[in-house]
Amino acid sequence: MKRFLPILLLAGVLGLVVFVVLKARFGKKDAEGESAEEGGASASKGKTGPRDFAKSKAGLIRTTDVEKGAQLDPSAPETPLGEYIAVRDKVLAKWREAKVDISWDAVPMRQALDDLAARYGLAATLDAEAEGVTQTVAVEQMPALAALELMTNSAALAWVVTASGDLVIMPQEKLTAFAPPAWYDLKELWAARESVLDDRNAGVVREPELAKKLRDTAIVARSIPAGDLQAFLRFLSQVSDVNYVMRPTDTPPQLPALAPLEGESLDSFLRRALEPAAYTFKVTRDSVIVLSREQEEAEKKEMSAREDERRGRLEAEKEFWKKPVNVGGENLTVRDIAEGLARDLGVPLVVDPRSARRAARYSFKAVEGRPAQEVVDILKRGCPVEVTFRDGKIWILAPEDLHEGAGG
């Protein structure tokens, strides 16, 4: 017995030492964990383990994969605007695909439309009050829809696709008699898309391909007869394969007979011809816009004012998304979340047809006082979406549709 006593004493001492070491090690971690939960100073200094989403304030956020969420849910009903867009697209399919050659000199509108129908199968209904309008147009291989815009814009006419699927051309003042309510919704959607693109492209100048064509193409003509500016542009369009649009003016200037210099480019010739008349031009994607210097200055001032307005709007939008909301739930759609935002923020909502039918689904806890911007960020996790606040409304837009507009 005396032999085992020292052994037992040694074992007891070793056990006490192990207990003290373990207590010092794990007891410190327990204290740090308690301090972190209580919000003590050690919470910010001590290392923390994996976040417990179930116990956190925000909770676990689950969304579909972006690629999957971008697809359209076949069970989601089409919106009224989406139904009208489908009707409109079907009617305009031929006008988008066909390229037309036109050479009309004071041709009555009825005859012009008959010509397009006979040669290209392009159907349109003409209002009786537009029958007497004449067309003087000369273009080659121009997209038919762009030609339709050119024809109507130059003659104070308008066109619209009705809810029943008829393309109707009428005087501009009669547009309201033919345009369905969905057309005005679509027009508003185009304006929102264009505004978003303007915000994205602010300060970015991209030269249209047509501008390079003007510099690189020599004008083919011995001389251009004297006449008013509109006649000059009509003649020039025939010899240069470029579309020219003149800003409206009550007194178009008279130009003398002009002959291009040997090898002179269209760009140089236009500048030389327009300068004495105090006119200039700017180039868009598919046309050359001719306008007076006064009109140019007025447009520059208008652009500057729009830029100031844009900056103010962006600042106001930034503040708007800081407002608190209480949005959340299980298996929510894009529309569900958007409606929740609009409800809590007390503003109207517009969801474009594609976004309304996204397959994206979201599950997250509603947290009182959460900034609206955080919900917008969650929305973007599950599918491609452009969310903006402008004109007093929340807009949910599909990024791939942003470049679609009235001419499209």
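Predicted model: local features only at pLDDT ≥ 70, side-chain atom pairs only at ≥ 80, totals over all residues.
Colleague: How many aromatic pairs does a search of the whole structure find, and how are Trp 183 and Tyr 184 arranged as a pair?

Modeller: The search of the whole structure gives four aromatic pairs. Ring pairs are read from the angle between the planes, where over 60 degrees counts as edge-to-face and under 30 degrees as stacked. Trp 183 and Tyr 184 form an edge-to-face pair, with 5.1 Å from centre to centre and 85° between the planes. Trp 183 is buried, at a relative accessible area of 10%, whereas Tyr 184 is partly exposed, at 34%. In the pair of Phe 320 and Phe 389, the ring centres are 3.7 Å apart and the planes lie at 5°, so this pair is stacked.

Colleague: Which parts of the chain does the pair of Phe 320 and Phe 389 tie together?

Modeller: Phe 320 belongs to helix 12 (residues 293–320) and Phe 389 to strand 17 (residues 386–390), so the pair ties together parts that are 69 residues apart in sequence. Phe 389 is itself buried, with a relative accessible area of 16%, and Phe 320, Trp 321 and Phe 389 make up one aromatic cluster.

Colleague: What else can be read in strand 17, for instance at Glu 386?

Modeller: Glu 386 is found in strand 17 and counts as buried, at 18% relative accessibility. If its neighbours within four places in sequence are left aside, Glu 386 is in contact with Val 196, Arg 200, Trp 395, Ile 396, Leu 397, Pro 399 and Leu 402.

Colleague: Now to helices: at what angle do helix 4 and helix 8 pack, and which residues make the contact?

Modeller: Helix 4 (residues 80–97) and helix 8 (residues 181–201) pack at about 95°, with their axes 10 Å apart, and that angle makes helix 4 roughly perpendicular to helix 8. From helix 4 the contact is made by Leu 81, Tyr 84, Ile 85 and Arg 88, and from helix 8 by Ala 182, Trp 183, Asp 185, Leu 186, Leu 189 and Trp 190. Sorted by class, the contact of helix 4 with helix 8 has eight nonpolar, no polar and two charged residues.

Colleague: And how does helix 4 pack with helix 6?

Modeller: Helix 4 and helix 6 (residues 144–154) also pack at an angle of about 95°, with their axes 5 Å apart, and are therefore roughly perpendicular to each other. Here Leu 92, Trp 95 and Arg 96 of helix 4 meet Ala 144, Leu 145 and Leu 148 of helix 6, and the residues of this contact divide into five nonpolar, no polar and one charged.

Colleague: Turning to strands, how do strand 10 and strand 11 run when bridges join them?

Modeller: In general, the strands of a sheet pair through backbone hydrogen bonds, either parallel or antiparallel. In this case strand 10 (residues 279–283) and strand 11 (residues 288–292) run antiparallel and are joined by five bridges, with Thr 280 standing opposite Leu 291 in strand 11. The two strands form a hairpin with four residues between them, and strand 10 is mostly covered, since four of its five residues are buried.

Colleague: What is the order of the open sheet of three strands, and which strands stand at its edges?

Modeller: The order is 1-15-13, with antiparallel pairing. Strand 1 (62–63) and strand 13 (329–332) stand at the edges, each with a single partner strand, so that one side of each is left without a neighbour in the sheet. Strand 1 is joined to strand 15 (residues 362–364) by two bridges, and Arg 62 has Ser 363 as its bridge partner in strand 15.

Colleague: Which helices lie across these strands?

Modeller: Helix 13 (residues 334–345) lies across strand 13 and strand 15, at about 130° to strand 13, while helix 15 (residues 372–382) lies across strand 1 and strand 15, at about 140° to strand 15.

Note on methods: Residues numbered from 1 in each chain as written. Heavy atoms only, no water. Phe/Tyr/Trp six-rings, centres within 6.5 Å; stacked < 30°, edge-to-face > 60°. Buried < 20%, exposed > 50% of the residue type's maximum accessible area, 1.4 Å probe, protein only. Axes fitted to C-alpha atoms, helices over the stretch in contact; angles between N-to-C directions. Parallel < 35°, antiparallel > 145°, perpendicular 65-115°, else oblique. Contact = heavy atoms within 4.5 Å. Nonpolar A, V, L, I, M, F, W, Y, C, P; charged D, E, K, R; others polar. Pairing = 2+ DSSP bridges.
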